[in-house]
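These are my notebook entries on one protein chain.

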Amino acid sequence: MSKLRVAVLGAKGRIGSEAVRAVEAAGDMELVAALGRGDTLDTLVDTGAQAVVELTTPASVMENLDFCVRHGIHAVVGTTGWNDERLARLNTWLAGSPGTGVLIAPNFSIGAVLTMKFAEQAARYFESVEVIELHHPNKADAPSGTAHRTAQLIAEARDEAGRPPQPDATATALDGARGADVDGVPVHSVRLRGLLAHQEVLLGGEGETLTIRHDSLHHSSFMPGILLGTRRVVTTPGLTFGLEHFLDLN
């Protein structure tokens, strides 16, 4: 069986360089390009890349995906900054290339994805729930894409269960004291030297609390999910949002 020809975009970043090593070590993949800032995307066509791992920046990701989809190159995307307008543009591009698959994952850590799933399952049983994400101080966005997606899943689960809005008697507060409001779920962001990527989901009911916590201690924790996504996206046309769809959790 021939190896899957894979390129990495953002190959000189912390996670990108780790992805380069992971693809090189995968027995069923061949690294055909490792591109950084200023490198031409035409290299993807010249090297016959079948799939890319996109780990750049919100300012670059749309141009990169436009190129990939137009050339029928599948993509696994870890870059954050997604909103409804960007997703709509991507879906329009994919409609014109129906055989191409794109996976966007807020987090590639298997443990982080399971944390989101467990929080979604638990949310309907508790009156209160809040999310705390903790990262290194060089992280550009807040809250993290993982925390934002976790809060969305929690909110959807609470809506489906008919849960009313959470109790909160706060009458006065400094700006930001109660965190960001994501569909009614407070999300708090911590930026602290020494941390990598961590998240807690706090759930509270009458006389009890439940804490679901995940810690990524090294960038290598994201690699099994990136490799899994790369293997699956080439046979999954269209847009897939969230690695959980490739984990057969249901």
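**Entry 1**

I began with R70 and D66, which both lie in helix α3 (residues 61-70), 4 residues apart, or about one turn of the helix. I noted first that the model I am reading is a predicted one. I then looked up how the two side chains stand to each other and found that R70 and D66 meet in a salt bridge, with 3.3 Å from N to O. Side chains of opposite charge can pair when their charged atoms come close. For the count by this rule, I recorded 12 salt bridges.

**Entry 2: the two domains**

I next looked up how the chain is divided. Domain 1 takes in residues 4-104 together with 220-246, while domain 2 covers 110-217. Between the centres of domain 1 and domain 2, taken over C-alpha atoms, I noted a separation of 28 Å.

**Entry 3: where the domains meet**

How many residues of each domain are in contact with the other? I recorded 8 residues of domain 1 in contact with 7 residues of domain 2. The size of an interface is often given as the accessible area lost when the parts come together. For domain 1 and domain 2 this buried area is about 730 Å², with 62% of it on carbon and sulfur atoms. On the side of domain 1 that touches domain 2, I listed 3 nonpolar, 3 polar and 2 charged residues. I then searched the interface of domain 1 and domain 2 for pairings: the rule finds 0 salt bridges there, but 2 residue pairs in polar contact, both at pLDDT 80 or more.

**Entry 4: the annotated span**

I consulted the UniProt record, an unreviewed entry, which annotates residues 111-247 as "domain: Dihydrodipicolinate reductase C-terminal". In the model, the end C-alpha atoms of residues 111-247 lie 12 Å apart. I noted that this span is 29% helix and 29% strand.

**Entry 5: two backbone details**

Finally, I examined the backbone in two loops. A142 and P143 are joined by a cis peptide bond, with omega about -5 degrees. P143 is placed in the loop between β6 (128-135) and α6 (145-160). D183 is not a glycine, yet I recorded a positive phi of about 55 degrees for D183. The loop that holds D183 runs between β7 (180-182) and β8 (185-191).

Key. Residues are numbered from 1 along each chain as its sequence is written. This is a predicted model: local features need pLDDT of at least 70, side-chain atom pairs count only at pLDDT 80 or more; totals for chains, interfaces and linings use all residues. Side-chain values use heavy atoms; hydrogens and water are left out. Domain bounds come from an automatic or database domain assignment. Contact means heavy atoms within 4.5 Å. Buried area is the accessible area (1.4 Å probe) that two parts lose on being put together, summed over both. A salt bridge is a side-chain nitrogen of Lys or Arg within 4 Å of a carboxyl oxygen of Asp or Glu. A polar contact is a pair of N or O atoms within 3.5 Å; within protein, one must be able to donate a hydrogen and the other to accept it, and residues adjacent in sequence count only if both atoms are side-chain atoms. Ala, Val, Leu, Ile, Met, Phe, Trp, Tyr, Cys and Pro count as nonpolar, Asp, Glu, Lys and Arg as charged, and the others, Gly among them, as polar. UniProt positions are given in the numbering used here, feature names are shortened, and annotations may be inferred rather than shown by experiment.
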